[in-house]
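Have the viewer open as you read.

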Amino acid sequence: MTSFSLFQQIRSGSHRDDIEIRNHEALGVSGTTRGVRIVWMYPDVLQMHGGRGDAMALLHFSTLMGLPCTIRKVSALTDPIPFAWADMLLFPPGDLAAMEDICHALRPHEDSFQSFADAGKVILANGSSGAILAEGTKRLDGSRFRGLGLLHMQLRQRVKVYGNDLWIDLDNGLELLGPQIQMADVRLRPGQKPFGTVRYGRGNNEKKDEGARTNNVIFTHVLGPVLVKNPLFTQEILCLAAETAGILTNAEKAGLHTLTDEDIRLEQESLADLKTFIQKKIDGVITW
């Protein structure tokens with residue numbers, strides 16, 4: 001099965017309630033082989049800025065890595081969340097207007113989310129979906145709603161939407177690039193670590209800190225879709241999920257196929273073009 005065939009599964013099945021996509025056939029392994037298990041949260045609602053592309057990227061890059069991967073969709077707010085089954089929860093970007101309903105639906109599961117995070121499992125949210133992981137969000141009319149509190153940060157809705165490119169540096173030496181379309185400012189509580197440091201763009205609140213991270217719970221403003229544009233970060237996320245699942249020891253990780261320059265040539269060329277463009281804005285050659 002080719003990567004395009006996997007994409008066709010995502011595209012054609014994106015509105016089916018029973019979708020479960022896996023790359024086992026593409027890898028030539030049994031469908032019962034334990035691999036990374038990812039829950040794609042509310043793709044019919046969290047459908048902005050390339051969420052479907054990020055699901056495709058997880059399958060595509062895990063296939064290149066030789067890592068079995070299964071993505072299971074949770075469609076409706078009333079659907080059960082398979083916490084015990086999953087190694088990773090993916091919250092793609094959605095409209096800020098939808099976040100209160102999502103947070104209200106998830107609040108009865110706060111303890112399960114906290115246990116999931118405490119076990120070192122991966123939770124990734126980007127864009128306005130960061131409100132789900134935050135302590136709370138304040139709207140323009142002064143009303144507030146509470147998030148899951150997995151990250152110690154507060155969101156405040158902006159009067160005007162901010163949009164630009166975003167280029168950040170991570171502590172491990174990786175860079176992330178992509179667009180930023182920001183509907184809310186983010187303020188980190190004392191002690192909450194940011195996800196990265198801004199090289200170009202707005203970050204959380206016109207400061208150098210960007211996003212937030214506690215262990216393997218991650219929020220970033222980088223859109224793009226972020227996992228398509230940044231394959232080395234996607235590889236890291238997949239390895240984290242595999243390690244916490246107990247299916248990838250250090251020895252096995254060393255033997256796992258690492259993404260090569262040829263594997264990700266198109267993505268790296270795209271990133272190089274974007275870096276060149278952003279650097280011109282940094283240097284004042286292009287006025288934004």
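## M153 and its contacts

Setting aside neighbours within four places in sequence, M153 is in contact (heavy atoms within 4.5 Å) with G130, A134, E135, G136, V186, R187, L188, R189, A212 and F219. This is a predicted model, so local features need pLDDT of at least 70 and side-chain atom pairs count only at pLDDT 80 or more, while totals for chains, interfaces and linings use all residues. Residues are numbered from 1 along each chain as its sequence is written, and side-chain values use heavy atoms, with hydrogens and water left out.

M153 sits in strand 8 (residues 153-169); strands here are DSSP runs of E, at least two residues, and helices are runs of H or I, at least four, both numbered from the N terminus. M153 counts as buried because its relative accessibility is 0%, buried being under 20% relative accessible area with a 1.4 Å probe, protein chains only. P194 is 41 residues away along the chain, with 9.8 Å between the two C-alpha atoms.

## H221

What about H221? You'll find H221 in the loop between strand 13 (217-220) and helix 7 (226-229). H221 is also buried, because its relative accessibility is 5%. Not counting residues up to four places away in sequence, H221 touches residues including G127, Q182, A184 and V186.

## The cavity lining

The lining of the largest cavity (lining residues have an atom within 4 Å of a cavity point) includes H221, F219 and V186. Strand 9 (residues 175-188) gives the most to that lining, with 5 residues.

Terms used:
On a 1 Å grid over the protein atoms alone, a cavity is a set of points where a 1.4 Å probe fits but cannot get out, and a pocket is an open set with protein on both sides within 12 Å along at least five of seven lines; lining residues have an atom within 4 Å of a point. Buried means under 20% relative accessible area, exposed over 50%, partly exposed in between (1.4 Å probe, protein chains only).
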